[in-house]
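Please open the model in your viewer and keep the selection tool at hand, as this tour moves from one stop to the next.

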Amino acid sequence: MMYYPSAQDMHESIRRTISAMLVSDEEIIAIAKSDICHDVSYGNEYLLLTNKRLFVLSLEGKVLEETWLKDVNMATLKAHLGLCVLVLDTRLGVKNVLFFSPSKKRIFEKLVALINDLTLNAIPASEIKANLGKELRLREREGKRAILIRLLKFMKPFWPLVATAFTISIIARILGLLPPYLMAILIDKVLVPRSNFNLLIEIIAALLGINVISLILRTILNYVNLKLNLKLTYRFRLKLYEKLQFLSLRFYDRYSTGSIISRVSSDVERIKNFLTQGLQSMVMDLIAMASIGVILVTMSPWLTLLALLPIPVSLIGSTLYRRSASKYYHRLWKRWSDMISILSESLSAFILVRSLGREHRMITEFAHRLDRYNTANIEVFKYEQKFWPAIGLSFTLSSLLVWWFGGLQVLRDQLTLGALTAFTSYMWSFYGPINDLLSQVRSIPMVTTSSERIFEILDEDLEVTESPKAKEVQMKGAIEFKDVWFTYDGVHYALRGVSLRIKPGEHIGIVGPSGSGKSTLVKLLLRFYEPQRGRVLIDGVDIRDVKLEALKRQIAIVMQNPVLFDVSIAENIALGKKNATLEEIIAAAKAANAHEFIMKLPEAYDTKVGVRGRRLSGGERQRVAIAMALLKDPRILILDEPTSSLDAIAEREVSKAIENLTRGRTTIIIAHRLSTLRNVDRIIVLERGIIVEEGTHAELLRRNGLYKRLFDAQFEGFTRPIPMPIRRRKP
Amino acid sequence: MRGLKDWIAQLRILDPKRVKIVKADVDVVDVEICGRLYHNVKPRRPFPLTHPEYVIFFKEDDEEVGILRDYRKLDKESRAHLERVLNVIYFMPQVKRILSINTSGWTYKWLVETDKGIVNFETWSRCIRIIKGKKVIIYDIHGGVYCINDISKLDTRSLLWLSVLM
């Protein structure tokens, strides 16, 4: 568990030790508890991080380890099988500070990030503490009641509609109470005495009137609810979509597309159902219970007592049911998802399944999962039978008791037949809202979970925001990375002190093994992420001071596998420039060497490219993407492995297009295929986030370093470079 | 730097007043441009759905001769020649009325009245493309293409049929 200084649940001895140890100006940032001791046995130790030092304490408060943060270069985690180690790289050497199990890894990752923020990134402790406070505030907000209140606040713009819906519902409910009362009069004053024909007509007319008005009210209510539904889902989905457009890539690294889609679709749907139907029905049920309860008591207090007997039974029964029901339902969902996963797997990998001759095995596996799903369904049924029949029986017994004692009262002339009929009718109207209420209450945990998932996105901080002093910059194309450090997870650094200057119009190649930080470098240039330390400058201006729109307008990127929108080729190319003319689109396609293939398509530039551009080949997609970049006319161009997924012929076509595209622009080419870098002015070689070599192709070959090894490996047809020791480049 | 402007400058935009279609065969034309006669020229629409008036002429060896921004500005005779050829290359019957659309399994069977006569065809459910909110293109499962030039001019019954797939 990770504690913050405000938390009160620390061991008293630890608290005493800590307060005695702190020097002046020293304040606690975080405390975390491990679950494996120094002697590699199960047990707890505390790690205490202050703004000056890092301690490891035993449960008894004994200091096992003490390190001054000024001596720490960097903190990392080492993951072994079933055991992780927090490692400090200090000026005095490497220290294995603490052991813990993989279950604690997330906590210690956060702690490592904090240590690195304090040491490597030199972020002031006050700023770190403020962020931690914010994290705590967010956690506090996650209370279920607070979420429901927040949901209600979200409905604020629609209060008039909500009020209308409630008013109509109340009127409809009141009208619904009248028929049993009229029925009682009908029986007692018309049917039993067999007289009073005029009253019969009046009652029938009143019943007809009530039904017609109820029908009209229900139609209006349905329309109001529909409008409320649509407006509410519109607001939720638009807010989520707006947020998703501006969230940083880090968010997308964390959440899968499926999870985001599920939040925008099914979670919103669930919340909508609760806010419009569920909530309305709950309030109406409470009103109905109260009003019918009063009528019942007025009619016969003794019979009302009998009628209330099943309520404690159903409350106890449903509470017991809820205790274990989630287990059964969870198993059911799990087995459904197992079945779906094998279905989707076999559909997406059907070529593999067929080529391996695994069809029958897949059928057997699918049948097995279907069986398991059916079994889970039967188990749910069996479980439900332990409760619902008993609860149902209590209602039946209660109604029989009411008929028995009520019947006796009728026989003794203490109650009229009409009154008894009306009483039983009201009694069943009383039970209905109870059952509704119970089922609505059951849905609340699901609604709060869905709300948490949605607010998680809406509350997500925008990592990359535009500074108020950001200005429009007309770029010449000079780029500088100044001592840039960057980590995706706060633990492992993708870039470590990278410094690099690129002149306007210069063509730079970036090479290095996978994971060396090549793509990270360009992502920082595009401000997809912010570096933790160091600066990225364009024409001497920090990119944080450049308007995001200006930055994106003047930098273009062509990816290894460009994704196109499912619109026409012309519309895709025109994304590069607002209001592009037809001639500009054609000229861009010609420069990108795409015009010829486009004109051979029956619908030419009006051809729809399909989802993600699937109707075009890789090379064609690439050329359309280049045309888009050309139309943008950027000052800085980034080519991320642009030809690596193409065959030799397509590569030649795309290379011609690239020549036209890069002419006169600052160009950064990321490449695995070193042949792509023949004509660049300079090649930067990255390894594990550090620039290890720099020079022209010929110079680097002569140097006999990593580049030469990569080149030789490629020439010999190997895919992996031969490992070599890291050399840190002096800034 | 050779920018986009240079590429645009290279486009040969033709003046309709100086272009004359002198002869039309099935899918090629003889065209006189600025006094020079080109034989067996292939007219092609780069934007056949969104800007059908825009035409590019190609020689037999696929070399581009020039671009006409709006062929409708040609003289009457040239325009008639060109339209005859374009109607062959871009055979897209204009739907005047939808008589019925019936579902059969995963496909939809259409019966429509077009400017070329009454025709039956089959489509998948995702077969409609709307251009600029007005024009509707219908693709059948075999590659046939049908067009409704202005959806607002369609009769109510046809619109009702069409709404099934929109």
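This is a predicted model: local features need pLDDT of at least 70, side-chain atom pairs count only at pLDDT 80 or more; totals for chains, interfaces and linings use all residues.

As background, side chains of opposite charge can pair when their charged atoms come close.

**Pairs within helices of chain A**

Select helix α2 of chain A, residues 105-118, where A:K105 and A:E109 lie four residues apart, about one turn of the helix. Their side chains meet in a salt bridge, with N to O at 3.9 Å, and A:K105 is partly exposed, with a relative accessible area of 30%.

Move on to helix α16 of chain A, residues 548-554, which holds both A:E549 and A:R553, again four residues apart. Here the closest N and O atoms of the salt bridge are 2.7 Å apart. A:R553 counts as partly exposed at 32% relative accessibility, and A:E549 is also partly exposed, at 48%.

Next comes helix α23 of chain A, residues 706-715, in which A:K708 and A:D712 are separated by four residues, about one turn of the helix. The salt bridge between their side chains is 2.8 Å, N to O; A:K708 is partly exposed at 22%, as is A:D712 at 26%.

**Where chain B meets chain A**

Now show both chains and select their contact, which takes 25 residues from chain B and 29 residues from chain A. Between them the chains bury about 2,300 Å², 64% of it on carbon and sulfur atoms. Three salt bridges are counted between chain B and chain A, and one of these joins the side chains of A:E583 and B:R69 at 2.8 Å, N to O. The interface also has nine residue pairs in polar contact. On the side of chain B that touches chain A, α1 (4-10) and β4 (55-58) are the elements that give two or more residues, and α1(B) gives the largest share, three residues. That side divides into 15 nonpolar, two polar and eight charged residues.

Methods:
Residues are numbered from 1 along each chain as its sequence is written. Chains are lettered from A and ligands numbered from 1 in the order in which they are written. Side-chain values use heavy atoms; hydrogens and water are left out. Contact means heavy atoms within 4.5 Å. Buried area is the accessible area (1.4 Å probe) that two parts lose on being put together, summed over both. A salt bridge is a side-chain nitrogen of Lys or Arg within 4 Å of a carboxyl oxygen of Asp or Glu. A polar contact is a pair of N or O atoms within 3.5 Å; within protein, one must be able to donate a hydrogen and the other to accept it, and residues adjacent in sequence count only if both atoms are side-chain atoms. Ala, Val, Leu, Ile, Met, Phe, Trp, Tyr, Cys and Pro count as nonpolar, Asp, Glu, Lys and Arg as charged, and the others, Gly among them, as polar. Buried means under 20% relative accessible area, exposed over 50%, partly exposed in between (1.4 Å probe, protein chains only).
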